[in-house]
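Here are my notes for someone opening this model for the first time. They are set out as numbered points, to be read beside the structure.

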Amino acid sequence: REHNRKERKRVKSKPGHGKKDPGIPNLFPFKEQVLKQTEEKKRRLEECRLRQKEQRKKQHAEKRKLGSLQSLQEDASQRSKDFEKKLPWSVGQEEYSLVGRALTDGSRKAYYKEFRQVVEAADVVLEVLDARDPLGCRCAQVEESVFASGSNKRLVLILNKIDLVPPDNVASWLKYLRNEFPTIAFKASTQHQRQHLSQSKVPVKMASSDLLAGSQCLGADTLMKLLGNYCRNAGVKTTICVGIV
């Protein structure tokens, strides 16, 4: 500390210490031009400094963005690895996809096998359609399979959920579908119990809005009469097997 104090004292004792720059004398012939040049130089230096500052900010922002993307990619890859470790069986990704595909193919084969058994065993096949989109529910392959399995097979269309569409739409769909196959307007029971389900014998055309909004089944009586007609063979009552798809 003593050395620093002496050094400061020695510097102050030098001649000319502490004198300020007097600047450009007023009598200097080109004073205004020199001042303008000085100001212009200061302005250019300030603009250059600001540009460099903005460039540094952009570079930092790009680095942060690149770093965040890399961190997201690393996080996603890490989560994928963790998920693979938690699989119920230790298989690779390709084997896992193959196993899932095999399960799907097996379910389809089992469903088709069950469908073929129903069609072959049934004398009458009921194809259930949604009244909100009947054509979207129809399956041409199902209908072809029914008639290909035997010439004595009969196909009946069940237009279900008629309580969810206006009566005019139901009538129009019945007229359209009956040009191809027998069609029954139907409303399934919405009761929760499995036994002693109630049904209404009121024809669908005469059903009131309260009856349609209720939980009773509508159209079952018409369907049973139609199936009863199919039971008669040369005037003799027989039994038939009914399949539903």
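1. Please keep in mind throughout that the model is a predicted one.

2. D130 has a charged partner, K161, and the two form a salt bridge in which the closest N and O atoms are 3.8 Å apart. The pair links distant parts of the chain, since D130 belongs to strand β1 while K161 sits in the loop between β2 and α6, 31 residues away.

3. Which other residues are joined by salt bridges into one network? E40, R43, R44 and E47 are, through salt bridges that share partners.

4. E40 and R44 meet through their side chains at 3.7 Å, N to O. They are four residues apart in helix α2, which spans residues 31-85, so about one helical turn separates them. Both are partly exposed, E40 with a relative accessible area of 29% and R44 with 46%.

5. R43 and E47 form a salt bridge as well, and here the closest N and O atoms are 2.6 Å apart. This pair too is four residues apart in α2, and therefore separated by about one helical turn. R43 is partly exposed at 40% relative accessible area, and E47 is partly exposed at 35%.

6. Now the sheet. Four strands make up an open sheet with parallel pairing, in the order β3-β2-β1-β8. The edges are taken by β3 (183-185) and β8; each has a single partner strand, so one side of each is left without a neighbour in the sheet. On average, neighbouring strands of this sheet are turned by 25° against each other, direction ignored.

7. How many bridges pair β1 with β2? Strand β1 (residues 124-130) and strand β2 (residues 154-160) are paired over seven bridges, in the parallel sense. Among the contacts, V124 has R154 of β2 as its bridge partner, and L126 stands opposite V156. On the β3 side, β2 is joined by three bridges, again running parallel, with L157 opposite T183. Strand β2 is mostly covered, six of its seven residues being buried.

8. Is I244 buried or exposed? I244 is exposed, because its relative accessible area of 58% is over the 50% limit. This residue lies in strand β8 (residues 242-244). Together with V128 and V242, I244 makes a nonpolar surface patch of about 240 Å².

9. Last, helix α6, which covers residues 167-177 and has V170, L174 and L177 among its buried residues. These three cover an arc of only 75° around the axis, which puts them on the same side of α6. The face turned away from that buried side carries D168 and K175, both exposed.

Notes:
Residues are numbered from 1 along each chain as its sequence is written. This is a predicted model: local features need pLDDT of at least 70, side-chain atom pairs count only at pLDDT 80 or more; totals for chains, interfaces and linings use all residues. Side-chain values use heavy atoms; hydrogens and water are left out. Patches are made of residues with over 30% relative accessible area and no salt bridge: like charges are joined within 9 Å, nonpolar side chains (Val, Leu, Ile, Met, Phe, Trp, Tyr) within 5 Å. Accessible areas come from the Shrake-Rupley method with a 1.4 Å probe; for residues, only the protein chains shown count as cover. A salt bridge is a side-chain nitrogen of Lys or Arg within 4 Å of a carboxyl oxygen of Asp or Glu. Helices (H or I, at least four residues) and strands (E, at least two) are DSSP runs, numbered from the N terminus. Buried means under 20% relative accessible area, exposed over 50%, partly exposed in between (1.4 Å probe, protein chains only). Two strands pair if DSSP finds at least two bridges between them. Axes are lines fitted to C-alpha atoms, for helices over the stretch in contact, and angles run from 0 to 180 degrees between N-to-C directions. The arc is that of the directions from the helix axis to the C-beta atoms.
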